[in-house]
Every structure is written in structure tokens, then in C-alpha cells.
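Here are my notes for you on this structure. Please keep the sequence and the 3D view open while you read.

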Amino acid sequence: MGLVGRRPELDRLEARLAALCEGGAGGGRGGGIVLISGEPGVGKTALARETAIRAAARGATVLQAACFEGEWQPPYHLWTELLRDRAATLDPSAPGAAVIAGLMGLGTERTAAGPPGLPADEEQRRLIDAMTSWLLAIAAAEPALVLLEDLQWADPDSLAILRRAARAAARIPLLIVGTHRSGESPALDDLLAHVSREADVMRIGLGGFSVEEVGEYLARTTGDALPAAIVRAIHDETRGNPFFVREVLSHLIEEAKIARRDGRWTTEASIAELGIPDSVRRVVRRRVARLSPAAQETLAAAAAFTAGIEPAVLAQVVDRSEAEVLDALDEAVAAGVMAAMGDRRASYDFSHAIVRHALYEELGGARRREVHARVAAAIDAAPPSSRRTAELAAQHYRAGSRGGVAHCVAAADQARAGHANEQAVRFLRMAVELDTMSGQPDARLLARLAIAEAEALALDAAAVTAARAIDALADPDEITTFVVSVARLLKEAGAPGPGWRPLVERGLALVGDRRDLAWARLRLLISPMAPLAEAGVHVGRWMGHDPAAVARVDAEGSEEDRARTVEAWDWRSPEETMALLETARTWRSPAAILRAYEAANRSLLFRHGDVHGAEQLMQELLEAAGRWGSVAAQGEAFTQLALCHAFLGQVGRAQEELDEARVVVEPLGPLHRQQLAVSVSHAILVGYLGPHDAPGADWRRWGERAARLVEQPFLSRSVPLGLICAGLGALAFGVGGDTGRARALVDPLTTLLERSAPRDYGAPGALWMAVAACWHLSRTDLAARHTALVDRFEAAGIGAGPFTSWSLARARLCGDPALFAAARVELEGLGHRTLASMAAAEGAPAAPLPARSPLTSREAQILGLIAGGYTNQEIAGQLHVSVPTVNRHVANLYVKIGARNRASATAYAVRLQGQATT
């Protein structure tokens, strides 16, 4: 039977398919994501499959897979099933190929040896990146449609791949069509919210059929039209839901309420006497009640399965022969409540999840537990398979069986081996819940759960579970080993200090006076900070690791231990930085090498302003990250390359790299150092080094993000980024013309810099940005204090960090054209074309004022408000226009008067006013 109705929806989908297939290989047209939503039974699958048929007719590659209900799904099942028939196209040399092959059961002969090991969260991102890259490579070669059914049941790990693929789909001929029920999965709802902001999304919401469509649907089903009164009665009771319509029709025929006489459908009952049930569940129950007792018993047991039924296993559950079970299933197929699948997973399944739910709800609580226990016993007796490991755990859990703990742990091990971290957490939580039935859960089980939660970036939950585990563990050595592991994971994932610091302190208390390797590892987790605060601005001075702990680790620790003694915040000379790199290149651990690269780069770029050296090092890091499959290291490399290229005058390239970094680091915690770099520091710096009024520049938002960080006291006790964040916020507000917010940061920042040492991490860059903020706001009241600070830093041999020298800052402090000219020459010699152009523009003599203003009346009005210190947003409010309109006027007037920023526009306005006065 062809598709009934849905003409508007099909027209929209046809347009997407035409664009997809006409784009050709690499054309990129038609890519994106289509989300079809609606209540159960409304026809989502029918519409999606019709779309797939039409895509295949147009020559597109069609890949499809379905999620299924229940906890037992194998790791990344949605994607391994989707790509299984394309296994021959898997690149065996790809970083995640070995794990993908293992998940798909392809055998190790299909892949090269895996790359060196990375931390668990990194391994997961490597797998997600590899799976996504494989899918995108298929689509890049030929237009492809990917059909994903019942996404409300997808696990969070699989959804992570969907998000990555959806974001990239617009660039290649890849159309993802997904069906889902709205509001049934918080994880899916969160993903869809993000995807809608990041990708080309078409949403199609399906409702029930109209009366006319119900009539057409019934006529196609029965072969002839039904009386209009019956059609309307069925429509009114079912609200046009296709599944319900079909079930009601079958019910009425089986009850002989309607019959075919003389070649047409008729009834002797009135509409009121038809007895149409008021819910689909009642329809299903009545239909099942007409089956034989054996079939009813078989279906009741089958309802405990959520992803297909194997007759041999079901026979064990109902204690019948396999032949008897097959007879019962065939009877159910004939009644339309079951369907023969004929695939490699199962032989039978329910015709719709609604049918299974209706039967499952008929079972009472005790009966459900009994059925699940029998299912678990039957699966346990069947030949072992990786698929059954997770299903067995889920069945024991539903049965409430204390004996299911071991099965849940085994399923968690399987998930972790496949880097499905969210799924590992789910099974371990099930194990803890079952274990709690007999009292206090096993301490080691709690410890495993805490580690898994930290690896899955469930940071708050991990901190709580870790505290429970420490309370339950008895062996002090076991406690300290556990604390080191979980606290490292929490800290490196960006968890706030209150989440992991108490755990470390408990570990140190247990160690007591010992000064062994366990003590050293714990000591290195404590960031030795000296907090400073001024007028609500909180910063911290890095004091350096405990020398005794560093010595112990150097003597007895692993490469990764030694790498953790290498901090980006430490002062290193250029020679010491090169020595660090030489040592790191002799190491074998990727995690250790990558950490050393990060520390060396920050020394080169942020301490010594060696932009060319940092660029070369980050290119080397990017190559290594690709070779090892480290997604986080790729994010670090892209972030730092963006800043290098912005200084070198390649702002367009820098913005592209920053966009790449933003995509890569998105899964990390909100306080992870790379998230802060992309969303705060590098966004502001790359924006500052580009056109200040570019469409993407949002100085208020950037400034507020930086300001919020220094308002939190925990930052000053965790990482020495407070000075940098305060300087960034002041710079953002200064460029944006927000005098009040800039002053609230610049004034306390100046005091804090006077209390800081020149070698304190971030101090030189923060001072340079404070001077820049004052320049853009035409503030001179802090010039003397800033000049004294510059003198002190230069006398200590400290440059201006990534801004290389103090020449431009000094020129801005006194406004001397000769100093601007000298700064331009120096910066050009260093290759800092962006800063050199700033010096040239800011030091150029003011052009003569035209006899007649080139500005329109609206532009002149806006110029006056800029000179008055109003931000673009405030100007929009004053003039009752949109912010984009103000942005456009500001950009136009800048061109007309030759202004580069608000400071030069303000100077122009002052000169214009002086001319008018004279």
C-alpha cells in the first residue's frame, strides 16, 4: 500500500532529495538533517522509509538503522549496524579503526595495530571522530541518505556521533533523516537543541490524518470505500492516528461489527453500537484475547524482550518446544501483532512498540519480575555472544536479581572496551542499585562507578560517588590509589576545585607523614596558589609544585607522572623550553608528550612572544594529534594556531582555525581549559586582532564571560588565569565602548598587577590589555601607574607576552607619534603584521576635517553617542532600532571618517566639535 496523505511533507522532502542528488560527489548541496517527530503510530517510519525509497531511486546511497528500547544495546549499536554493510570501506589505518572493527566483529586482520593508548575520555572522542569520519567519507564520495529510526531510544554515546555528523552534513552531500517521539529522551532533546543552532535542520511534525485521509487509508487497506459515517466515527475516536485506525478496523472486522456484503462494506449496527475502544491498548488487548491460550502466554513472555525475539530462547522462557513457540508466533503474525524479521538479530518482533507496551502493562509487578528472571535464565543458557552480555544484564536488572550484579559489571566492561562511556556508567549504576538491595554496596563497585562517571564527564555525580567509595573502602593504600585516579580525571576534565580537592585532602590525610610516590602524586594534584582579590576581582599567583614531590616523581614515577610536573604556568627561558621539548620527544606516552607540547607552546607564545616558534610547534602537535587520534590535542593545536596566525596578519585563517577548535572541544566540560580558551581568551584576542566591528564580534558577551570568571573565588585557588581573564574582560569592554564595565575591571586589575611579580603567569599580557582598554576608551588617568608597571616589567627582562614587546603599549600611554612609528617598525620586523598595522593607523596624523561632514544625520547622531561612551546595544536602545542596524551604521561611519576603533571615532568627534566651536 502506497503512502497516504503527507503531500506537503513529501514535497519538502523531495526538494531536499533533489538538492542532495543534483549536488553530486562533493557538491555539498542538499546536506543537512531532517527530523520527523510525532506520537507513536502516527506514521513517522512510513514517511521516512518512503523518503529512503525515493532517495535510492535518485541514485543516492541509503544507509539505515533503528534504535530499540531498553538498556542492553551494544556500544554504538546504531552506527555499527548502519555501517556494517560498508565494512570494506573502513580505513584500517584510521586511529579508531581497530576499536570499530572490534565492535562490529570484523576481526583484527581487517585493521592495523591501534595507536598508543590515551585517557578514557580521549579514547572515546577518538572513536567518535573515527566513526564520524568514516560516515562522512562515504557521503563525500557519493550522495548519501542516512535513515535513523526511533532516536528517542538512542544512547548518549551514539548521539554524540549524530551531533558531529549533523554539523558536517551541510558541507557534503549527506542528508540525515531521523524519526523520534518528542519529549521522551532528555539526552535527545539536549542534542536537538544544539543541532538546531549548529546545523541545517528541517523539522517535520506529523499529526493524525484528516477525515478524508482516514477514508483513503481504510479504502486502500480493505480494497473498497467504507461508509462515510463509519470513517468519521473511526477518525473521531482515533484522532486520525494511522496505527490506531488500522487496529480499530481490524477489531471491528474481527468482532463482525462491519462486514463485506454484495461487494461493499456495511454494518447493521448504529455508530453508537460499534463499540470503538477509546484507546489503542484496549484494541490490542481485545485482539490478543482472541488468540489461543498458547499464543497469549507466548506473547506475554515476549513482551519482556525489547529488541527482537529468538524463538529458541523464548521457548526456554515459556517451557515449550521451539516448534510450539513458532506456531504461536505465526498465529500472532497472522493476527498482525507480530512480524517475522528474518535478519541476523532476531526472527520475530512486535509489529509496533505500542503492541509490546500494551502487553507488558498487563503484567503485574511480580509477574514482570518473574518473566524477566526466566528470560535471563534462558539467555544465560544460550550460546554466549557479545550482544547477550548487555541484554542479560538488563534482564537481571528488570528482574531485581541480586545475582545480576556480575552481569551488569560484565556489560559495563564491554561498554568501556568499546569506549561507550555513558553506557558503562548506566550498567555500573544498575549494578550498584542491585547490590544495594542486600545493604551497603560493594566499595570497589562504587569506586569503579566513580571512575566511569568521571570518564563520561558526569563530574558532579563522580565527585559524590567518589566520596561514598572512600567512606566504604577499608585499605588506606587502596583509597589513595583510587583518589589519585578519580581526582586526576575530575581535575583534568575541568571540574571545579570543590568537586575534587576534598578527595585529595582526604587522601593526603591517610598518607600522613609518608613521602612516597602516592603522596607525591596527591601533592601534584593540589595547585599551589596564592589568592589575591581586589574590588570583587579574584586572581591567583602560581607558586610552583612542591620540589620534594617533583623529585619523588622524577625518581620513581612514570612518564605521565613526570609530565604532570610540567606546568604551563611555570616560568621557563627559551633554552629551558627547548630542553623540555627534547626530553618529551624521547617519551613514549602520547598523553605525556601532548602535555609537554602544551606547556612548551605556552612558554614560547605567552611568555616570550615567539609566534613563529609557537606556530611551528603547534603544526607539529596537530600532526601528532592526527597520528594518535587525540581529538583534544587537535583542539589545543587549532586554538593556538588561530592566535599565532591572527598576530601574523592571517585573521581569516585564524577565525577558521578557531571555529575548528570550537567544534573539537565542544564535548569537554564548561570549565575545561580548552573551553575557556575557545570561548573567552582566544575569541577576544582573535576578535581584537581582526576588524573590531566584524559581524561575529560580540564584545559585551565576551566581556561578560571573562568578568564572570574573575568574580568566582574558586578560580583564584585553582588556576592562575585570573589576571588574564580580567585583562581580557577589560579589553572586550574597552573595544565595545562600555566605560563602566571596563573601569570595574581595569581599576582593580591595575592594583593587582602592582602586587604581582613580573614573572607571574599572565601578568605581562594582562598589563598590555589594560593599557589597550584605556586607549580605546581614551582614559589617561591610569597612564602614570601603567607606565611604572611597564618600566618594572621591562627592567626584569619580561616582554609583553604574546604581544611581544612593550613598544605599542608605551606609544598608547603617551600618544607620541614617534613612538607609534618606532613600534610599527619593530613589530613589522618581528612579523606581527596585525599589531604593526594598528601602530601605523593609531600613530598617523589626523586627516584634515572635510569642509562638509560626510556623515548622514543618523550616522552623526550615532557618532555623538559613541563619543559619549555608549555601547552599540545602548545606542540601539536610545534610538529604538536593532543592534544589527547600529552595527551597520557604525561600520559605515568608520569607513567615512577613517576610524579603526571607538577611540579614533571619539577623537574625530572631539575635533569635529572643536571645529564647530571655533
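The points below cover the cores, a hairpin, the salt bridges and the cysteines.

1. Before you start, please note that this is a predicted model, where local features need pLDDT of at least 70, side-chain atom pairs count only at pLDDT 80 or more, and totals for chains, interfaces and linings use all residues. Residues are numbered from 1 along each chain as its sequence is written, and side-chain values use heavy atoms, with hydrogens and water left out.

2. Let's begin with the nonpolar cores. A nonpolar core is a set of buried Ala, Val, Leu, Ile, Met, Phe, Trp, Tyr and Cys residues joined through side-chain atoms within 4.5 Å. Buried means under 20% relative accessible area, exposed over 50%, and partly exposed in between (1.4 Å probe, protein chains only). The largest core has 107 residues, and the members touching the most others are Ile 684, Tyr 688, Trp 768, Leu 808 and Leu 835. Helix 37 (residues 763–776) gives this core its largest share, eleven residues. Helices (H or I, at least four residues) and strands (E, at least two) are DSSP runs, numbered from the N terminus. Another core, of 59 residues, lies apart from it and includes Phe 427 and Ile 470.

3. Next, look at the hairpin formed by strand 10 and strand 11, with two residues between them. Ala 535 in the turn has a positive phi of about 50°. Strand 10 (residues 529–534) and strand 11 (residues 537–542) pair in the antiparallel sense over six bridges; pairing requires that DSSP finds at least two bridges between two strands. Glu 534 stands opposite Val 537 in strand 11.

4. How many salt bridges are there? The count comes to 50, taking a salt bridge as a side-chain nitrogen of Lys or Arg within 4 Å of a carboxyl oxygen of Asp or Glu. In one of them, Asp 129 joins Arg 164, with the closest N and O atoms 2.6 Å apart. Asp 129 lies in helix 5 (residues 120–141) and Arg 164 in helix 6 (residues 156–169), so the pair ties together parts that are 35 residues apart in sequence. Asp 129 is partly exposed, at 22% relative accessible area, whereas Arg 164 is buried, at 19%.

5. Finally, check the cysteines. The count comes to zero disulfides, a disulfide being a pair of cysteine sulfur atoms within 2.5 Å. Cys 408 is buried, at 0% relative accessibility. Cys 725 is in no disulfide, and the nearest cysteine sulfur, that of Cys 774, is 18 Å away. Cys 725 is also buried, with a relative accessible area of 7%.
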